[in-house]
Amino acid sequence: METLLAQIAVFVVTAYLGFELISRVPNMLHTPLMSATNAIHGIVLVGAIIALAAGTDAFTTTIGFIAVVFGAANVVGGFWVTNRMLSMFRPPQKRVKKRKD
Amino acid sequence: MQVATFLAYLVAAALFIVGIRRLRTPETARSGNTLAAFGMVIALVATFFVTDTEATLGWPLIGGGILIGGVIGAVSAQKVQMTAMPQLVAAFNGVGGGAAALVALSEFYQTEALGGGGETLVQAITVLLSITIGTLSFSGSVIAFSKLQELAFSGSVAFPLQQVVNALLFLGVLLLSANVVTDGALAEAVGLPQLSPLVSVIVILVLALLLGVLLVIPIGGADMPIVISLLNSLTGLAAASSGFVLDNYALIISGTLVGASGTILTRQMSSALGRPLGKIIFAGIAASGGGDDEDDEEREVNDVSAEDIGSYLSEDVNKVVIVPGYGLAVAQAQAPLFELMETLESQGKEVLFGIHPVAGRMPGHMNVLLAEAGVPHEKLYDMEDINPEFEDTDAVIIVGANDVVNPAANDEAKESAISGMPILEVENAERVIFVKRSLSPGFAGVDNPLFYDMDKTMMYFTDAKQGLQDITEAVKNA
């Protein structure tokens, strides 16, 4: 029970923190934001590794393996493509035009 | 060792948070992504240290799986066209959701079939949530991918009794879940003893697969950014609930962050489309818009040539705002657009870009496409920032967009399919130039009164790529 309460507390605090953090990301960067968070939910790879390691029969080993492949594709591809995308947002050559304040 | 791993997960989570925080400006965003990736490495290394496997093939399988998945991910990330980003994000959503569901299924199978049952109520509920949400987001993403890639189910696919079928499927998931939570007591009570908790979970998985397909299939066209955001959010929640299953804080924190992110983007997208989320999910837009306006009278438009536009732009104009829509990306016309910008600027004109939140197929898509073409990001203005600029703008060039500049959206009385959708107020500018293939209305199927304003509007009917090249030439020669 204590574990569950701690988990719920972490969940609630993180959700609030997430809302705060993400509301401040400008529209311009929403696609990289989405692909970066996409990569972050690839953390499920951690769970997949644990599940595959615990696999004792053909069924659990198979689904564990598929989960590891899925998770790894998610993590590697997600961070990779985000990096590729963000490298296109070049540093400004000149800062003549200031946005209206 | 447990403490060390716990701390490592905490460090990883902190790095994810700092990483997202750095996504606030284009200058810091790249380092933010690198930090988050570093956090992921820490979490993975920590996992290796605490994982014991008795299976003989355990480590080779884990290593091999990571290698295969990593190569697939890296190759697709390196090769993907920026126009195809939404498909890739959908694909990653799908595999992420699928992985979360499989992890939960494996965990459940271990305790139920191999361990003789006895999971607690909380375990049962979180397993069910992971499986249902993860599977739904997997099959929904597959459909979204094939829609975006135009493999199948393009546009809005409607079928009879859609909502009844969805409701029944959902009810089925709920009943079976109740059966799992009560450890099969529900099925026995109604005389179906063969419906054990394990069988129920398998059936739930199938129902959730179907539900994902049926929920996404009717949504099409301009609503795709919503679907992508929503699936993103669901996958995050699936990862978070598998964190509850495994009592793993790295998963809970990361999954929740992603869920929050997807939820915010979904909300922003649906308000940018001017329609409540429920209406988008439960009624495809094509069902209402388009086709109902059958008066075929030919209305006159001010049809111009590239030369007309070129001489106008080069002589009478100081400030130009360009409004790109998805038609621009379809025609792969980002590079010619960049050239037009440079040409106009070399003649001393101010050029800005006005970007509607739903321009493109996912949130922020158009910004990426223009950044790829070389447009400096300070020239990319969001809707709220560009609207006040139109007052003193001499010419707006609209390329491959319609709905997002359609003043019909403001006309409350007209009850059009897009009324209430916030638009770029291009009608406030001196002149409006449409570069468009034909008079056909956009996804929403709503005619644009601006087309027929003979004094204000110039219509240039052409392919976006060729048309922009011709206009650039004409500006140079004028």
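**How the terms apply to chain B**

Author: Chain B is divided into domain 1 (80-287) and domain 2 (306-477), with bounds that come from an automatic or database domain assignment. This is a predicted model, in which local features need pLDDT of at least 70 and side-chain atom pairs count only at pLDDT 80 or more, while totals for chains, interfaces and linings use all residues. Residues are numbered from 1 along each chain as its sequence is written, and chains are lettered from A and ligands numbered from 1 in the order in which they are written.

Reader: How do you know that residues of domain 1 of chain B are in contact with residues of domain 2 of chain B?

Author: Two residues are in contact if their C-beta atoms, placed from the backbone, lie within 7 Å, and by this rule 19 residues of domain 1 of chain B touch 19 residues of domain 2 of chain B. On the domain 1 side, helix 4, helix 9 and helix 10 of chain B are the elements that give two or more residues; helices (H or I, at least four residues) and strands (E, at least two) are DSSP runs, numbered from the N terminus.

Reader: What makes strand 3 and strand 6 of chain B edge strands?

Author: Two strands pair if DSSP finds at least two bridges between them, and the open sheet of six strands in chain B has the order 3-2-1-4-5-6, with parallel pairing. Strand 3 and strand 6 (457-461) of chain B each have a single partner strand, so one side of each has no neighbour in the sheet.

Reader: How do you know that strand 1 and strand 4 of chain B pair?

Author: Strand 1 (residues 319-324) and strand 4 (residues 395-399) of chain B are joined in the parallel sense over five bridges, against the required at least two. In one of these strands, strand 4 of chain B, B:Ile398 is the bridge partner of B:Val323.

Reader: Why is helix 14 of chain B called roughly parallel to helix 17 of chain B?

Author: Axes are lines fitted to C-alpha atoms, for helices over the stretch in contact, and angles run from 0 to 180 degrees between N-to-C directions. Angles under 35 degrees count as roughly parallel, over 145 as roughly antiparallel, 65 to 115 as roughly perpendicular and the rest as oblique. Helix 14 (residues 334-346) and helix 17 (residues 464-477) of chain B pack at about 15°, with their axes 9 Å apart, and therefore helix 14 of chain B is roughly parallel to helix 17 of chain B.
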